[in-house]
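Here are my notes for a colleague who has not looked at this structure before. Please read them with the model open beside you.

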Amino acid sequence: MSLDNQQQERRRPDRAALVIAALLMVVSLVIAWSTASHGAGANYARVGPTTFPYVIAVAFFGLSIWTFFEAWRGDFPEREKQEISPILWIVGGLAAQMLLLKTAGFSIATGLLFAATARAFGRGPLWKTIPIGFVLSFVVWIIFAKGLQLSLPAGPLEHLLF
């Protein structure tokens, strides 16, 4: 392949980065619109409660423009191929935790999240990480619910022992 073909192939717009640029633009517009639509209270100082959201919106707007031009020129480095399996394990663990938190309680739901995340990172078989996750999550529940008197959902495991 000649040098000209390589440069042209490399100079193709990066679609993923263009999507990120568009998302940054949307976020900046939402922040600006939200800040403008909420009336600020009495403000006697130059720097008030709306100053920093506008600064953040302008920063995101600038990042979106910069990202767009870099993506359009194809200047981002080549990305490695992404493995989907670890992402699915973590997202599945989060979904399981959200669905089971009220019915199964904190220890079981968070223990399953721990096991799924450990599996995503290639650590230990599930038959080992699930009980470890339950124990660690139960200790965290004891510290927060009993020690600090915070309200965490209790399930069968927590009711069995307390």
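**Notes on a predicted model**

1. **Helix 5, the buried residues.** Start with helix 5. Its buried residues are Phe106, Ser107, Ile108, Ala109, Thr110, Gly111, Leu113, Ala115, Ala116, Ala118 and Ala120. That is eleven of the 15 residues in the helix, so helix 5 is largely enclosed by the rest of the structure. Bear in mind throughout that this is a predicted model.

2. **What covers helix 5.** Which elements lie over these residues? The cover of the buried residues of helix 5 includes helix 4 (84-104), helix 6 and helix 7.

3. **Helix 5, length and end.** Helix 5 runs over residues 106-120. At 1.5 Å a residue, its 15 residues should span 21 Å. The end C-alpha atoms are 21 Å apart, which agrees. Just after the helix, Gly122 takes a positive phi of about 75 degrees.

4. **The overall plan.** Step back to the whole protein. It has seven helices and zero strands. Along the sequence the pattern reads α-α-α-α-α-α-α. Of the 162 residues, 22% are buried. Take the contacts between residues at least 6 apart in sequence: 61% of them join residues at least 24 apart. The protein exposes about 11,900 Å², and carbon and sulfur atoms supply 69% of that area.

5. **Helix 6, length and buried residues.** Helix 6 covers residues 126-147. Its 22 residues should span 32 Å at 1.5 Å a residue; the end C-alpha atoms are 30 Å apart, which agrees. Which of its residues are buried? They are Thr129, Gly133, Ser137, Phe138, Trp141 and Ala145. Helix 5 and helix 7 are among the elements that cover them. Just after helix 6, Gln149 takes a positive phi of about 60 degrees.

6. **Thr129.** This residue is found in helix 6. Its relative accessibility is 6%, so Thr129 counts as buried. What does Thr129 touch, leaving aside its neighbours within four places in sequence? The contacts are Phe114, Ala115, Ala118, Arg123 and Gly124. Two of these, Ala115 and Ala118, are also listed among the buried residues of helix 5.

7. **Aromatic pairs around Trp141.** A search of the whole structure finds five aromatic pairs. In one of them, the ring centres of Phe138 and Trp141 are 6.0 Å apart and the planes are at 15 degrees, so the pair is stacked. Both residues lie in helix 6, three residues apart, about one turn of the helix. Is Trp141 buried or exposed? At 4% relative accessibility, Trp141 counts as buried.

8. **Another ring cluster.** Look also at Phe68, Phe69 and Trp72. Ring pairs link these residues into a cluster.

9. **The nonpolar surface patch.** Which residues form a nonpolar patch on the surface? They are Val135, Val139, Val140, Ile143, Phe144, Leu148 and Leu150. Together they have about 590 Å² of accessible area. Leu148 lies in the loop between helix 6 and helix 7 (156-161). Its relative accessible area is 52%, and over 50% counts as exposed, so Leu148 is exposed.

10. **A salt bridge.** How many salt bridges does the count give? The count comes to one salt bridge. In it the side chains of Arg73 and Glu70 meet, at 2.9 Å from N to O. Both residues lie in helix 3 (residues 51-73), three residues apart, about one turn of the helix. Arg73 has a relative accessibility of 39%, so Arg73 counts as partly exposed.

Note on methods:
Residues numbered from 1 in each chain as written. Predicted model: local features only at pLDDT ≥ 70, side-chain atom pairs only at ≥ 80, totals over all residues. Heavy atoms only, no water. Patch = residues over 30% accessible without salt bridge, like charges linked within 9 Å, V, L, I, M, F, W, Y side chains within 5 Å. Areas by Shrake-Rupley, 256 points an atom, 1.4 Å probe, with all protein chains shown as cover. Salt bridge = Lys/Arg side-chain N within 4 Å of Asp/Glu carboxyl O. Helix = DSSP H or I, 4+ residues; strand = E, 2+ residues; numbered from the N terminus. Buried < 20%, exposed > 50% of the residue type's maximum accessible area, 1.4 Å probe, protein only. Expected span 1.5 Å × (residues − 1). Contact = heavy atoms within 4.5 Å. Phe/Tyr/Trp six-rings, centres within 6.5 Å; stacked < 30°, edge-to-face > 60°.
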